Amino acid sequence: MAQEYPSFYTLLSRLIIIPCFFIFLLFPLSSISSFHVIFTSTSTPTIALSKVEQDQEALALLTWRANLDNQTQFFLSSCWNLNNLTILHLYENELSCSIPQEIELLRSLNVLKLSYNNLSGPIPHSIGNLRNLTTLYLHTNKQTGSIPQAIGLLISLNDLELGINNLSSPIPHSIGNLRNLTTLYLHMNKRFGSISQEIRLLRSLNYLTLSTNNLIGLIPHSIEIGLLRSLNDLEFGINNLSSPIPHSIGNLRNLTILYLNENRLNSVLSLEMSNITHLKFLQLDENNFIRALSNEKCLGRALGHFTAFGNHFNGPVPKSLKNYASLVRVQLERNQLTRDIAESFGVYLNLDYIDLSNNNFDGELFEKWGQYHILSHLNISNNNISGAIPPQLRRATQRHRLDLSSNHLSGNIPKEFGMLPLLFKLLLGNNNISRSTPLELGKLLNLEILDLASNNLNGLIPKQIGSLWKLLSLNSSVNRFVDSIPDEIGKMHILGCLDLSQNMLIGEIPTLLGESKNLETLNLSHNGLFGTIPHTLNDQISLTVADISYNQLEGPLPNIKAFTPFEAFRNNKCLCGSCVTHLKPCNASRKKANRLSVLIIILLIVSTLLFIFAFVIGIYFLFQKLRKRKTKSPEENVEDLFAIWGHDGEMLYEHIIQETDNFSSKQCIGIGGYGAVYKADLPTG
């Protein structure tokens with residue numbers, strides 16, 4: 001910010017004049033911590049100092065001022081009253097006191113900017129003595145009270161900005177004296193009452209902003225708002241104004257901005273509005289209008305932003321809307337608009353945002369929607385649109401949000417949607433979409449909200465959905481999905497809402513699902529899930545709403561608040577829980593089961609050990625027996641063989657020796673493959 005001084009000023013004069021001003025005027029503002037200051041004196045040429053020089057000089061002056069004794073300060077302040085000061089900028093500081101009455105002493109001021117501070121208290125009446133003032137900025141402070149009547153004495157004012165304060169009471173009638181005023185900003189204050197009729201006298205106004213107050217009553221015809229023919233910007237939005245729009249508004253041929261939103265304006269729009277052909281911004285939303293503009297009239301092809309949502313507009317969209325090639329933003333949601341959506345709109349190459357939801361449009365989505373290459377937001381939900389979803393919609397590669405829910409769309413989800421890399425919100429719920437979910441949806445890595453509920457989708461839930469690591473909400477309820485819940489869903493760690501209810505899912509609940517630490521809502525009801533509930537869900541402290549009813553689940557219920565309502569777990573196989581009134585406690589059965597399990601384990605271990613011991617002993621004796629057989633002589637083997645024929649093996653052996661004559665060759669009756677055969681008659685027969 002420039003700092004200007006007369007060229008003949010010496011450094012000494014600067015060191016006197018500026019501290020005088022700081023002492024005389026700003027001493028009451030004791031909470032200043034930094035300054036953006038411009039001082040300009042009249043009648044002489046000026047030079048500008050750089051910002052670095054300003055800061056260095058201001059610091060030097062403040063340091064010098066602090067070193068002065070009280071007597072010197074008093075002397076300086078009594079000698080100088082800065083009658084020649086023309087420009088004073090103190091904006092964007094931390095001034096936090098009220099504006100001093102002494103401000104009236106700066107009689108030569110042309111520009112006074114005290115905006116973007118924390119100034120409080122009322123605007124002083126003495127400000128009316130600054131008759132040369134052309135610019136007064138007090139906006140973005142904490143000023144209270146009313147606008148003083150003395151403001152009407154500033155007849156040289158061109159620019160008056162008092163917005164974003166806490167000013168109250170009606171606008172003073174004296175404001176009509178400011179015939180040179182081109183800019184009047186009074187927005188974002190407290191109650192101003194009704195619109196002052198004296199505003200009609202401000203014929204030089206270019207910018208009039210009274211939005212976000214509590215203006216009440218009608219827009220009186222006596223105001224003759226149409227007399228302000230120089231207006232470029234008229235903002236009455238966010239008030240409590242009622243009645244129709246005056247017909248005289250059609251006289252504002254130079255108007256480019258018209259904000260009438262969030263009032264109680266009613267009846268039909270004035271046909272004279274079609275005379276405002278230079279409009280670029282038109283906001284009519286949140287009123288009680290009942291009919292759209294005439295089809296024969298248009299608002300000019302310069303219109304870029306058109307919002308009229310939350311009214312009672314009915315019938316077709318004006319045909320002229322197809323010719324508004326400059327449209328950037330269109331919001332017509334929450335009306336009663338009808339007719340074929342394909343015939344109601346043209347091709348808008350600059351369109352970035354369009355919301356047509358909650359109307360009665362019918363027909364089919366047409367391929368031309370794909371020509372809106374920079375369209376980031378498309379919402380046509382809650383209409384009567386039918387037919388298939390055109391794959392050409394993927395051409396709008398800048399699309400962030402796509403909402404086609406609550407229509408009568410059929411066919412499949414185009415796999416081409418996987419080519420929308422910036423898409424973070426995809427809502428296709430409550431339609432008649434069928435077939436399987438395309439695997440290409442797993443490529444939407446920026447997707448945060450996915451709603452496929454209430455369709456006829458079938459097949460498996462794609463595992464590729466687990467790749468959507470930014471997903472916050474997944475709703476695939478009321479479809480015909482089969483098989484188990486993919487484990488990959490549990491890998492989406494920031495998932496906050498999961499609804500897979502009313503499908504034909506079976507199997508167990510994935511254990512990984514309990515590791516989604518941000519999960520707040522879980523609905524798996526009305527499926528065929530079985531088995532126990534994963535114990536990991538006991539650690540889900542973020543879970544506030546859960547529903548696992550109408551399944552075949554059994555075992556302990558997670559001991560967290562989300563599962564305590566009866567409706568959350570009703571109609572399952574055999575659930576138990578110690579903290580739930582509708583379930584049997586499972587502590588006793590758990591103890592019995594634990595004891596039985598321990599007993600079974602002990603028996604198995606003992607049985608195994610006994611079997612191993614018996615097996616080892618058997619092997620040991622077997623090897624011992626085999627070893628003994630290998631060490632015996634042939635005669636011992638014969639003795640062993642005959643020992644099994646009688647109880648007294650030794651006596652039997654003696655009989656054999658005797659009868660065979662000690663195995664004499666005379667008694668040999670033959671020789672076989674294994675030795676000689678002898679004949680013997682034994683007493684045992």
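**A colleague's note on this predicted model**

1. Let's start with a charged pair: Glu-286 and Arg-334 form a salt bridge, with 2.6 Å between their closest N and O atoms. Here a salt bridge is a side-chain nitrogen of Lys or Arg within 4 Å of a carboxyl oxygen of Asp or Glu. The two residues sit 48 residues apart: Glu-286 in the loop between strands E17 (281-283) and E18 (288-289), Arg-334 in the loop between strands E21 (329-331) and E22 (336-337). Strands (E) are DSSP runs of at least two residues, numbered from the N terminus. The whole structure has 1 salt bridge.

2. A word on the basis: this is a predicted model, where local features need pLDDT of at least 70, side-chain atom pairs count only at pLDDT 80 or more, and totals for chains, interfaces and linings use all residues. Residues are numbered from 1 along each chain as its sequence is written, and side-chain values use heavy atoms, leaving out hydrogens and water.

3. (Buried means under 20% relative accessible area, exposed over 50%, partly exposed in between, with a 1.4 Å probe and protein chains only.)

4. Now look at Asn-527, in the loop between strands E36 (521-523) and E37 (528-532). Asn-527 is buried, at 11% relative accessible area.

5. Finally, the cysteines: a search of the whole structure finds 0 disulfides (pairs of cysteine sulfur atoms within 2.5 Å). For Cys-574, the closest cysteine sulfur, in Cys-576, is 6.9 Å away, too far for a bond.

Methods: Helices (H or I, at least four residues) and strands (E, at least two) are DSSP runs, numbered from the N terminus.
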